[in-house]
Amino acid sequence: GAIRPSAKQINTIRHSGPYKRARVDFLAQCQFANKPCGICHEEIDYRLREPHPYSPTLDHIKSVLDAPELIMERNNWQVAHRDCNVRKGSDEAPLD
């Protein structure tokens, strides 16, 4: 299988230009498609911004903690309200 990145490597990836651009692009696609929260399935107001509890965030379906090798894998991404993402847990506090 894939090599599991370390916590330091994960942090580096999360702060990298390619990850940030991919996240922005992904959230823009979700907004265009008016995707609901992948956790609670309620509507997302894409005009809201962090740290608003209902702002859109990138959620990793399989958490970065459990599957760090999937951090950049879009098949493992869904949009979620910030609060839903935080409550889901199993990851460090969302930097997304």
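Predicted model: local features only at pLDDT ≥ 70, side-chain atom pairs only at ≥ 80, totals over all residues.

Reader: Which elements give two or more residues to the largest nonpolar core, and which of them gives the largest share?

Author: This core has 16 residues, and Phe26, Trp77 and Val79 touch the most other members. The elements that supply two or more residues are helix 2 (17-32) and strand 2 (77-81). With 5 residues, the largest share comes from helix 2.

Reader: Which residues does valine 79 contact, beyond its neighbours within four places in sequence?

Author: Val79 is one of the residues that touch the most other core members. Its contacts beyond those neighbours include Ile44, Tyr46, Pro56 and Thr57, and also Lys35, Pro36, Cys37 and Gly38.

Reader: Why do the buried residues of helix 2 line one face of the helix?

Author: An α-helix has 3.6 residues a turn, so residues three or four places apart point the same way. In helix 2, the buried residues are Tyr19, Ala22, Arg23, Phe26, Leu27 and Cys30. Viewed down the helix axis they line one face, because they fall within an arc of 130°.

Reader: Which residues are exposed on the other side of helix 2, and what do its buried residues pack against?

Author: Arg21, Val24 and Phe32 are exposed on the other side of helix 2. The buried residues pack against helix 1 (7-14), strand 1 (56-60) and strand 2.

Reader: How does the span of helix 2 compare with what is expected at 1.5 Å a residue, and what is found at the start of the helix?

Author: Helix 2 has 16 residues, and from first C-alpha to last it reaches 22 Å, close to the expected 22 Å. At its start, a side-chain oxygen of serine 16 comes to within 3.2 Å of a backbone nitrogen, that of tyrosine 19.

Reader: Is glutamine 78 buried or exposed, and which side chain does it join in a polar contact?

Author: Glutamine 78 is found in strand 2. Its relative accessibility is 18%, so glutamine 78 counts as buried, the cut-off being under 20%. The polar contact, at 2.7 Å, joins its side chain to that of aspartate 59.

Reader: Where are lysine 88 and aspartate 59, and how many residues apart in sequence are the parts that they tie together?

Author: The side chains of lysine 88 and aspartate 59 meet in a salt bridge with an N to O distance of 2.8 Å. Lysine 88 is partly exposed at 31% relative accessible area, whereas aspartate 59 is buried at 2%. Since lysine 88 lies in helix 3 (residues 82-88) and aspartate 59 in strand 1, the pair ties together parts that are 29 residues apart.

Reader: How many residues apart are aspartate 25 and arginine 74, which form a salt bridge?

Author: In this salt bridge the closest N and O atoms are 3.0 Å apart. Aspartate 25 is partly exposed at 35% relative accessibility, and arginine 74 is partly exposed at 32%. Aspartate 25 is in helix 2 and arginine 74 in the loop between strand 1 and strand 2, so the pair links distant parts of the chain, 49 residues apart.

Definitions and conventions. Residues numbered from 1 in each chain as written. Heavy atoms only, no water. Core = buried A, V, L, I, M, F, W, Y, C linked by side-chain atoms within 4.5 Å. Buried < 20%, exposed > 50% of the residue type's maximum accessible area, 1.4 Å probe, protein only. Helix = DSSP H or I, 4+ residues; strand = E, 2+ residues; numbered from the N terminus. Contact = heavy atoms within 4.5 Å. Polar contact = N/O pair within 3.5 Å; in protein donor to acceptor, adjacent residues only side chain to side chain. Expected span 1.5 Å × (residues − 1). Arc of directions from axis to C-beta. Salt bridge = Lys/Arg side-chain N within 4 Å of Asp/Glu carboxyl O.
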